[in-house]
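Hello,

Here is the structure I promised to pass on. Please open it first, then read the notes below.

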Amino acid sequence: MGEYRNIVVLTGAGISAESGLKTFRDNNGLWEKHRVEEVATPEAFEANPTLVYQFYNQRRAQLKDSAITPNPAHLALADLEKAWKGSFLLVTQNVDDLHQRSGSVNVVPMHGQLNQARCLNSGNVSDISGVGVIDARTLCSCCNPQSAMRPDIVWFGEIPQQMGRIEQALSQADIFVSIGTSGQVYPAAGFAALASEKGAHTVELNLEQTSGSFHQGFYGPASDIVPEFVA
Ligand code: BJW
């Protein structure tokens, strides 16, 4: 990849599948019989906050399981960033912390993070990685009177985080690499087209082809094909 200077990598649930975290839309992609759309919307949170807190508390607890660790695909991207000479941005749709734990630095978790909660009054974000569960009685430490908190997750209908930084990097990228995402959720699903319009070479790494719109594709389990691709 020596011919490229500016890279944007986009990752989705597929990169963490071999670490033991379920994807959203593959077989068994349901959570206790709920589709993701039933628990990942502001309307769902308003209608049934207990269910939504429980969904994210369970997934955060799973992250603390010692069996859930970065796999060779996460580690290969961290190595790629260290060796990269130009600008490097890793945009992840994942709310786990496996990229950060594997040593990636320029990471934009565009759909938020399981280990953070957001004050419903001020919007301030705080680290809850050491907190067991949060619910409607968990109060912020930024307001007086204290306010309730919500998971710092971008739900359907909400604007993903750091879009300005992402769009800037996409407009300057000469290579865009999409890994382990079904390309069904916007705006991330449109990033390859945006980068391509500006002249970037686009590559897909996935178990299977998701669309015919990438210039190049490599197919297989992420923990095999990502290390091979970046080598
Ligand atoms: C492997 C593998 C292995 C498996 N190795 N690969 C109609 C048309 C167009 C758009 C819309 C529309 N109606 C509504 C919208 C907008 C909406 C949207 O896109 N909806 C679609 C369902 C149509 N989007 C939004 O609302 C977003 N906001 C927005 O658009 O705001 C407007 C705006 C944007 C920008 C600027 C200004 C304004 C917000 C989207 C929020 C998404 N949130 C979720 C849940 C929260 C996080 C959480 O709880 O964890 O994020 S949804 C869920 O899907 C999650 C994921 O990040 C996201 C993407 O899923 P992902 O990662 O692709 O996973 P899967 O399961 O789909 O795919 C796994 C892939 O891995 C597969 O391809 C496998 O083959 C592969 N794989 N094992 C390699 N071992």
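Among contacts in the chain between residues at least 6 apart in sequence, what percentage join residues at least 24 apart? The figure is 66%. Contact here means heavy atoms within 4.5 Å.

Some ground rules. This is a predicted model: local features need pLDDT of at least 70, side-chain atom pairs count only at pLDDT 80 or more, and totals for chains, interfaces and linings use all residues. Residues are numbered from 1 along each chain as its sequence is written, and side-chain values use heavy atoms, with hydrogens and water left out.

**Overall**

The chain has nine helices and nine strands. These are DSSP runs, numbered from the N terminus (helices: H or I, at least four residues; strands: E, at least two). The chain's radius of gyration is 18 Å, close to the 17 Å that the globule rule gives for 231 residues, so the chain is as compact as a globular protein of that length. That radius is taken over C-alpha atoms, and the rule is 2.2 Å times the number of residues to the power 0.38. Of the 231 residues, 48% count as buried. Buried means under 20% relative accessible area, exposed over 50%, and partly exposed in between (1.4 Å probe, protein chains only).

**Domains**

The domain assignment gives two entries: domain 1 (7–21 + 70–111 + 159–230) and domain 2 (33–67 + 113–153). Such bounds come from an automatic or database domain assignment. Their centres, over C-alpha atoms, are separated by 26 Å. Eleven residues from domain 1 and ten residues from domain 2 take part in the contact.

**Thr202**

Thr202 sits in strand E8 (residues 201–206). Its relative accessibility is 0%, so Thr202 counts as buried. Leaving out residues up to four places away in sequence, Thr202 touches Phe176, Ala192, Ser196, Ser213, Phe214, His215 and Gln216.

**Backbone points to check**

Most residues other than glycine have a negative phi, and most peptide bonds are trans.

- Asn144 to Pro145: the peptide bond is cis, with omega near 0°. Pro145 is in the loop between strand E5 (125–127) and strand E6 (149–153).
- Tyr186 and Pro187: a cis peptide bond joins them, with omega about 5°. Pro187 is in the loop between strand E7 (175–179) and helix H8 (191–197).
- Gln162: phi is positive, about 55°, although Gln162 is not a glycine. Gln162 lies in the loop between E6 and helix H7 (163–172). At 36% relative accessibility, Gln162 counts as partly exposed.

Best wishes
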